[in-house]
Amino acid sequence: TIILFFSRFNALQFILCEDFQFHSRSIIKNISTMADGGAEQPEYLKQSSQLGNTNRPQVAILDFGSQYSHIIARRVREMHVYCELYSCLVTAEELGKHDLTAVILSGGPNSVYEEGAPHVAQGVWDLIKDRSVPVLGICYGMQELAHVFGGKVAPGLKREYGKATVSRIPGCDSPLFAGLPEEFMMWMSHGDKLHEVPTGFKRVAGTSNADFVAIENLESKMWGLQFHPEVTHSPLGRNVLKNFVVEIAKAKQDWVMTDYANEFIEEVRAKVGPTGNVIGAVSGGVDSTVAAVLMTRAIGDRFHAVLVDNGCLRKDEATKVLKRMRDDCGVNLRCVDAKDRFLGLLKGVTDPEKKRKIIGGTFIDIFQEEAKKIEAECGKCDFLLQGTLYPDVIESISYKGPSATIKTHHNVGGLPATMKLKLIEPLRELFKDEVRELGMALGIDEASVWRHPFPGPGLAIRILGEVTPERVAILQEADDIVIEELYKSGHYRMIGQAFVVLLPVKSVGVMGDGRTYENV
């Protein structure tokens, strides 16, 4: 058995797709792109692109295509400050709908002086000026400030990538660096650099490779940084971000999960009404558990959760999920035993894409069948609970630079539009760590909140070749042993994901006093 461990030890981690997660996310999205060539596809329910949260004051992060943009947002959220991420091409009309506490311009792969490079619209600059909103430009964001306000950006003599010692200018007491030493380590990643400071700005700090790695204009409340304070490789980076967000911009640190839960419960009660019904597919993973418990707190048994056992779940998973969600958390949950149906359709299939397509398509059929049964028993269901997370939203609204191709398969899809359902997405403002925090605030047990991600198609995609009941049983046992040992050794919480793969390869081994010839 091959065991693979994925560790969440650096700042470049991505949020992984959750479990069997409402299947209206990754799997059903995949269904629409996996059809045989040329076949016309049904229309699917789509998520809305923006959060539409115009009441809560926020830090707006304008994304220029950096792989680090979502990390900036997470760092701000970690301060208990609400923020949203927008494309750098966002209009003043859209941005102006929100109560802006501050604006952060992210890094990006382009050069500001090149034709076709992205730039902030003039209307947005006018909005910032009219409202006197503080601005922080990071890497490309600083170069955008220079480009707009009369500085000079050009290629450096050498590209700078890695840790660099930043030295503050003697006698320059910038509020951005309050509490920091005269020299500190930060992470650099740039080829271009600032050669002339823009009008009204002054130099704050430099390195041996670049004279202008930090600039400021106190009158217009604008700061620029060539380095990346958001990544873990910048040890004091969070201090810099907190100085800007909390001390300079005076953002309120009132983004608390308990309050978020209470607000959602009130909103969904108003939206669904006193008699409305909501359906949703759940898996027992972190996202589906938190969303289902939250919905149950809001409308009780009028939320109808459906768990589909496709025969490829972990060992005893369906039984454990029923106990945890229905018995312990009080969720109105029904389990559909469809093992034979799925495994029958998978018989003889070895192509991984075909396996995914079969599992996803069959799930849709079963979910629709159960939805009809629920409506016959309880009345019409107008709403669908969907487990969209904020990283999914980011993928749909960010500036489509090079980073857009990294994980497009995680973008949000939906169930067939013919179901005529309205979406309820309680987690779409949250990052994964915030979902876990919300789960703890709701009183969900720690083991459920910290479960590892699990793929939608289940163990079927961890079996190379044909999926048979016998091979699933072998993999379930091996997987169960690995997870059990991780808990016993205290390593489960230390890693992001662990899984077992069954290969169509046999090898000689030893069991007891005899030799064996079994699958790897």
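## Helix α13 and the residue after it

In this predicted model, G443 takes a positive phi of about 85°, and this glycine lies just after helix α13. The helix itself spans residues 432-441, and its buried positions are K432, E434, V435, R436, L438 and G439. An α-helix has 3.6 residues a turn, so residues three or four places apart point the same way. Among the buried residues of α13 are V435, L438 and G439, but the charged side chains of K432, E434 and R436 belong to the buried set as well.

Which elements cover the buried residues of α13? The cover includes α2 (69-78), α7 (257-272) and α8 (286-299), together with α14 (446-449).

A search of the whole structure finds 0 disulfides. C378 is in no disulfide, and the nearest cysteine sulfur, that of C381, is 7.1 Å away.

## An enclosed space

The search for cavities of 30 Å³ or more, run over the whole structure, finds 5. The second largest cavity has a volume of about 70 Å³. Its lining is drawn from several parts of the sequence: R56, P57, Q58 and V59, then V81 and Y82, then T101, and finally A251, K252 and D254. By class, the lining of this second largest cavity has 5 nonpolar, 2 polar and 3 charged residues; R56, K252 and D254 are the charged ones, while Q58 and T101 are the polar ones.

## The chain as a whole

The protein has 15 helices and 18 strands, and of its 520 residues, 57% count as buried. Among contacts between residues at least 6 apart in sequence, 79% join residues at least 24 apart.

The protein exposes about 22,200 Å², of which carbon and sulfur atoms supply 51%.

How values were computed
Residues numbered from 1 in each chain as written. Predicted model: local features only at pLDDT ≥ 70, side-chain atom pairs only at ≥ 80, totals over all residues. Heavy atoms only, no water. Helix = DSSP H or I, 4+ residues; strand = E, 2+ residues; numbered from the N terminus. Buried < 20%, exposed > 50% of the residue type's maximum accessible area, 1.4 Å probe, protein only. Contact = heavy atoms within 4.5 Å. Areas by Shrake-Rupley, 256 points an atom, 1.4 Å probe, with all protein chains shown as cover. Disulfide = S-S within 2.5 Å. 1 Å grid on protein atoms, 1.4 Å probe; cavity = no way out; pocket = protein on both sides within 12 Å on 5 of 7 lines; lining within 4 Å. Points joined across faces, edges and corners; volume = space filled by probe spheres on them.
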